[in-house]
Amino acid sequence: MYRSAVYDEPLLNELVSSKKEKIKPLGILPDSLKRNEKINIPDIDETQVVRHFHHLSQMNYGIDSGIYPLGSCTMKYNPKICGEIASWDGFAGTNPYQDVSTIQGNLQVMFELERMLCEITGMDYFSLQPAAGAQGEFLGMLLTRAYHEFNKDFERNEIILPDTSHGTNPASAAMAGYKLVEISSAKEGTVDLDVLEKTLSEKTACFMLTNPNTLGIFESEILEISKIVHDTGALLYYDGANMNAIMGKVRPGDMGFDIVHLNLHKTFATPHGGGGPGSGPVGVKMKLEKFLPVPRVCKNKKDYFFDYNAPESIGKIKGHYGNFSVLLKAYVYILMMGRDGLRESSEIAVLNSNYMKKKLLDSGRYELPYKELRKHEFVLSCEKLKQEKNVRALDVAKRLLDYGFHPPTIYFPLIVKEALMIEPTESESKEDLDRYVDALIKISDEKPEIVKNAPGNTPVKRVDDVGATKKPILTWNMI
Amino acid sequence: MKFIPNSAIKDTMLKEMGINDIEELFSDIPKKIGIKKLDMPKGLSQQDTEQRLRGIANKNKSFYDGVSFLGGGIKPHYIPSVVKSIISRAEFYTAYTPYQSEASQGFLQAMFEYQSMIAELTGMDISNCSLYGGFTALAEAALMCTRISRKKTFVIPQNISWEKKSILNNYAKGPGIEVKEVSYDVKTGKIDLEELKKHVDENTSGIYIENPNFFGVFEDKVDEISGIVKDTGSLFVVGIDPISLGVTKSPGEYGADIVIGEGRSFGNPMDFGGSSLGIFACKKEYLRQMPGRIIGITKDADDKRAFCMAFQTREQHIRRGRATSNICTNEGLCALAAVSYLSWLGGNGLEELSRINFEKGQKLAESIELLDGFEGMFSGVHFNEFVIKCSNDVNKVNKKLLKKDIQGGLVLDTWHPELKNCMLFGITERHADADIERLVSALKEVSHV
């Protein structure tokens, strides 16, 4: 049976106390700014600092710990070599404002990465600037606005999204000032063409779509979707969170998408680091190039250079050139995988997902609403377990932790009741997939009180998330 | 294949599933657009990849290949091995966002400690656990001021980084916020208070200042500025260089409502400008309007202390189009580097570091100002960056320095035409006295050529 390390690890200020005390201020500073009091951060011996964070790390689960099938998150293995190369002084020790002759290596990486991403997605140009997928979406919305305004088309203030869309889609569109129009999915779980057609109008700026969608279903009518969207003068936006399903098989550019964002920290194996840094490059078709952020990386006969000469550009979205360290890791990954490796990643990711899906369906414990063929992820419903034993998706997820596995994404997409959204990725072996499937089947047979009281083998028992909001304790001063 | 264990047994798996060909799994893709293969090279072995990247890295010159005195916010700082060791722990490095609290207690506690330290440093009640960087943190602060005040004019100094301004304007478009710029006093380099008064009125949502500002100069009239903010009923947003807080008061002590900044200098490398770490802290009454993740303390089923993500109902994965921000992925690992760094440094260490940076800044500025052909541009007290005006063409000066493997200051006239032949120097604890002497003697030489 799995057991996690458990420490009653004190907070740093409990480890070594620190108190407010007066200090001698720096004389030359203006009086209004002189610090008179010591900074109340404890002074701790190096050994203790190391042990503190070592203990904390042992109470945390990463992809190196085991299978991590969070749907829509593509938690694949992060090759060690990528992190090592990104830490070299030759890259990490460079400043964005250096003379361009001294950063030719960095520019080469960016220039070549842009070409690679264009080929993988079928787009014409990329901006590497956005710091994450959501910022890529936001940039996509700014480009959408710039495009329509350039064409003197000022009435388009609506963004259409399916009810299966990621939460960031509506949030990004709203942040860019757009009105949101959500459309319900057809009974197969895909875009309802009739509904879409009726919703599209001269007010539509853009239709945002994920393909395969968040149910893991490929939108087979994508060419028809593209046609009716473009016929009304709107743009088609591709949320690339699920790109890991289709590399080397089909490209968003060929499907008719005008704007694409990728998540390098998903599809291209850069680590999540507990929440970031990520990178969300945005690709566009030719007609949108002139609006891309500055600077663009260009090359003349001999040298790479930054081009700021873009009068229609939206300007900047993130400081400097994006999260370069993440770009570099993805560049290294793509070099290693090559055309066949990327294709194989997607093929095996889809194979693994359909393999798990079949075994779980055959078990009869879980249901699969909507169409059967899935891509790299699939969404099961625990509704039967809820009806029969009052065991919910949350309970199943927590019980998986006791088996030493990271749970899937739960309660998303919203159109599946008691959803378990499972994305195994290509990184898992058949044995691990089998063990995960077995655990899910076993859990469905377990006594409800065991499942509902899970987890028991983790550093803490089930956490009361709501409690943190009722009585906020957000710093050690608030304890 | 290298990282794909089931590659070798895919036929066995397909058979078990009753499928003959893997293409059956892709039969839902219209034939018309399916592709056979990508037009790009085959993959390289790890050894060949490493070899190729060495060649590319050699085309760069890092700080350690010569010496650099670039100002503008990104400077080299010493990163203790402890930090590198902690953030390399794979349990942190390869974890996702801590949605499952029970499997993420380590990271959650570290983020809680990060928030505690940032709150302490900034003098605010609360902090989130990171935004993308200091630049977008300003944009998010402007949006938050409008959410709180329901007013739509945000006032900033004219002398902030042009990139920051451009980002702010892009974020301001959605809600229709007007950004007004206040000029600086050409003698001191500080914000012009009379101009500031003219730019604020009952429609002002927030007033932003930087301390030290983009020219490295301390804004010391903070009590007057705070008074102007209070008079207009708007919010006071202060941008900080976190290293400077070892010697200066926290913005909370002079009335700030929101404090933002770039936190890269806490244990993160320059990384060519990214990754970056957006610091965002505020008073607790604004908690529900805050962007980004916040970690809180709660209890587990046994009543034991536990950590989890708090106030998630502000966030996009719950609130969708009505979230306080669209941010999902943040800069978690950079925040972990920051909290490890601050733990290693301690309060006393940060104070000492801050003094060293301040003193080096004074020493370098004094040494350059003594030279013929170079003069200090502003009279205000500065931290570890400052503006120097050259009597010669500043680009030529920098080219000549470069031949000696010295990267000079940041040339300002591209974005600040009024600062012709001016450059922004920066220095930190990483620069030895010998580095200062090297720059000064080189400047002496090039100014005569």
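Q: In which sense do strand 11 of chain A and strand 12 of chain A pair?
A: The model is predicted, and local features need pLDDT of at least 70, side-chain atom pairs count only at pLDDT 80 or more, and totals for chains, interfaces and linings use all residues. Residues are numbered from 1 along each chain as its sequence is written, while chains are lettered from A and ligands numbered from 1 in the order in which they are written. Strands (E, at least two residues) and helices (H or I, at least four) are DSSP runs numbered from the N terminus, and two strands pair if DSSP finds at least two bridges between them. Strand 12 of chain A covers residues 419-422, and over two bridges its pairing with strand 11 of chain A is antiparallel.

Q: Which strands are the edge strands of the open sheet in chain A?
A: This sheet has three strands in the order 10-12-11, with antiparallel pairing. Two of the strands pair on one side only, namely strand 10 (378-381) and strand 11 (409-410) of chain A.

Q: How many residues of helix 7 of chain A are buried?
A: A residue is buried if 20 or more other C-beta atoms, placed from the backbone, lie within 10 Å of its own, exposed if 12 or fewer do, and partly exposed in between. The cover over the buried residues of helix 7 includes helix 6 (133-150) and strand 2 (158-162) of chain A, together with helix 10 (316-319) of chain B. Among the buried residues are A:Thr168, A:Pro170 and A:Met175. Helix 7 (residues 168-175) is mostly covered, and its buried residues number eight of eight.

Q: Why does B:Phe386 count as buried?
A: B:Phe386 belongs to strand 12 (residues 385-390) of chain B. Residues are in contact if their C-beta atoms, placed from the backbone, lie within 7 Å; leaving aside residues up to four places away in sequence, B:Phe386 touches B:Gly216, B:Gly361, B:Ala365, B:Gly376 and B:Phe425. B:Phe386 counts as buried because its C-beta neighbours inside 10 Å number 29.

Q: Which helix of chain A gives the largest share of the side that touches chain B?
A: In all, 162 residues of chain A are in contact with 154 residues of chain B. The largest share of that side of chain A is 23 residues, and these come from helix 11 (residues 324-362) of chain A.

Q: Are helix 2 of chain A and helix 3 of chain B roughly parallel or roughly antiparallel to each other?
A: Axes are lines fitted to C-alpha atoms, for helices over the stretch in contact, and angles run from 0 to 180 degrees between N-to-C directions. Angles under 35 degrees count as roughly parallel, over 145 as roughly antiparallel, 65 to 115 as roughly perpendicular and the rest as oblique. The axes of helix 2 (residues 46-58) of chain A and helix 3 (residues 81-88) of chain B come within 10 Å and cross at roughly 10 degrees. The two helices are therefore roughly parallel.

Q: What percentage of the residues in chain B is buried?
A: Chain B holds 13 helices and 15 strands. Of its 449 residues, the buried share is 58%.

How values were computed. Two residues are in contact if their C-beta atoms, placed from the backbone, lie within 7 Å.
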